[in-house]
Amino acid sequence: MTKADKGLIFVFVVLSAACLIYLAAMGLMNRDAQRYVSVQVNGKEVQHIPLDASSDGKHFLIQSEFGRNVLSITGDAVEMFEASCPDQLCIRQGRIDKVGQMLVCLPNRTLVEIKGRTDAPDSQSTDTNIGRH
Amino acid sequence: MAVKRMIFLSLLTAMALVVSLIEQSFPLPIGIPGAKLGISNIIILVTLVLYGFRAALVVAVLKSVLLMLITGSITSFWYSLVGAVLSAVIMAVIFRFFTPTFSLIGVSEFGALAHNVGQLFVAMIVLDNPRIFYYLPVLTLIGVFSGYFVGLSTNYLTKHLKRVGHLD
């Protein structure tokens with residue numbers, strides 16, 4: 001291992017740690033803002049779910065030509081409840097509750113993202129709340 | 001000795017394939033699906049050191065195609081292909097021009113970074129959302145560790161393979 005190697009590793013670690021801290025700080029700053037869950041399939045926002053008492057304890061169905069996912073919201077946390085994909089990695093990603101965090105299901109081209117009100121609203125947003133089930 | 005070279009390259013491809021398959025049973029708990037540690041970079045880096053850039057590229061592409069045939073997953077094929085090809089290109093450039101400065105560990109660190117960037121790039125295209133790059137810092141941190149071990153392993157492997165001395 002040469003000096004340059006050590007320097008390179010040091011730079012990589014410091015830079016990524018700095019980015020992580022910055023991202024975490026951004027998430028904390030947006031914590032009190034009005035938040036919503038943006039569900040995107042194939043790059044288009046298909047659902048826009050406010051993250052408040054109205055969505056607490058409910059499940060949301062994401063059905064598209066690429067597959068089927070069910071999203072579960074409890075309190076202010078979001079998690080993938082069910083997925084039709086073979087690898088089930090989106091379920092393993094666990095619960096997310098900070099602005100900017102994402103759940104990704106690549107086989108179904110589905111992306112679930114928590115956003116703050118400060119973000120520019122997407123043009124398309126249709127609410128397809130399927131209620132409790 | 002074209003036949004010998006071909007046989008050695010196919011052996012390396014087979015090894016890369018096996019390593020990828022084993023690696024696939026350990027998906028990263030965080031981040032994007034299909035993101036890998038990039039341990040199969042060991043084989044690609046060995047190929048690069050022993051046979052040069054073109055052979056490494058061939059092994060990288062063959063590995064991805066065969067992995068798709070085995071697993072049947074098109075999504076991970078693009079991940080695997082772009083990640084492997086990008087890291088092979090970057091590692092070749094670093095190895096060719098900066099090799100006394102960086103050891104094989106440095107080369108594989110760059111390879112790991114390229115691997116991650118390639119995977120996130122595919123995810124960005126598939127999901128049409130550039131914010132997927134938020135995962136880059138986490139992946140880079142993991143890549144620093146896996147890159148270190150890839151470099152270390154390649155060091156030992158190439159040392160012994162060169163001693164065998166029947167590579168051409």
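A polar contact is a pair of N or O atoms within 3.5 Å; within protein, one must be able to donate a hydrogen and the other to accept it. The legends below describe close-up views of a predicted model.

**View 1. The interface between chain B and chain A in the predicted model.** Polar contacts between chain B and chain A number 4 residue pairs, counted with both residues at pLDDT 80 or more. Three helices of chain B, namely helix 4 (74–97), helix 5 (104–127) and helix 6 (136–164), each supply at least two residues of the side that touches chain A. Helix 5 of chain B gives the most to this side, with 8 residues. By class, the residues on the side of chain B that touches chain A comprise 21 nonpolar, 8 polar and 3 charged. The contact as a whole takes 30 residues from chain A and 32 residues from chain B.

**View 2. Buried area between chain B and chain A.** The size of an interface is often given as the accessible area lost when the parts come together. Here, about 2700 Å² is buried between chain B and chain A, and carbon and sulfur atoms give 72% of that area.

**View 3. The open sheet of 4 strands in chain A.** The strand order is 2-1-7-6, with antiparallel pairing. Strand 2 (44–50) and strand 6 (102–105) of chain A stand at the edges and have a single partner strand each, so one side of each lacks a neighbour in the sheet. From one strand to the next, the twist averages 20°.

**View 4. The hairpin of strand 1 and strand 2 in chain A.** Strand 1 (residues 35–41) of chain A pairs with strand 2 of chain A in the antiparallel sense over 6 bridges. Within this pairing, Val39(A) has Gln47(A), in strand 2 of chain A, as its bridge partner. The hairpin has 2 residues between the strands, and Asn42(A) takes a positive phi near 55° there.

**View 5. The pairing of strand 6 with strand 7 in chain A.** These antiparallel strands, the latter spanning residues 110–116 of chain A, are joined by 4 bridges. Cys105(A) stands opposite Thr110(A), a residue of strand 7 of chain A.

**View 6. The open sheet of 3 strands in chain A.** The order in this sheet is 3-4-5, and the pairing is antiparallel. Its edges are formed by strand 3 (58–64) and strand 5 of chain A; each has a single partner strand, so one side of each is left without a neighbour in the sheet. The twist from one strand to the next averages 25°. Strand 3 and strand 4 of chain A are antiparallel and share 7 bridges. Opposite Lys58(A) stands Ile73(A), in strand 4 of chain A.

**View 7. The salt bridge of Arg68(A) and Glu82(A).** Side chains of opposite charge can pair when their charged atoms come close. Over all chains, the structure holds 2 salt bridges. In one of these, the side chains of Arg68(A) and Glu82(A) meet at 2.7 Å, N to O. The pair links distant parts of the chain, 14 residues apart: Arg68(A) lies in strand 4 (residues 67–74) of chain A, and Glu82(A) in strand 5 (residues 77–83) of chain A.

Terms used
Residues numbered from 1 in each chain as written. Chains lettered and ligands numbered in written order. Predicted model: local features only at pLDDT ≥ 70, side-chain atom pairs only at ≥ 80, totals over all residues. Heavy atoms only, no water. Contact = heavy atoms within 4.5 Å. Buried area = accessible area lost by both parts, 1.4 Å probe. Polar contact = N/O pair within 3.5 Å; in protein donor to acceptor, adjacent residues only side chain to side chain. Nonpolar A, V, L, I, M, F, W, Y, C, P; charged D, E, K, R; others polar. Pairing = 2+ DSSP bridges. Axes fitted to C-alpha atoms, helices over the stretch in contact; angles between N-to-C directions. Salt bridge = Lys/Arg side-chain N within 4 Å of Asp/Glu carboxyl O.
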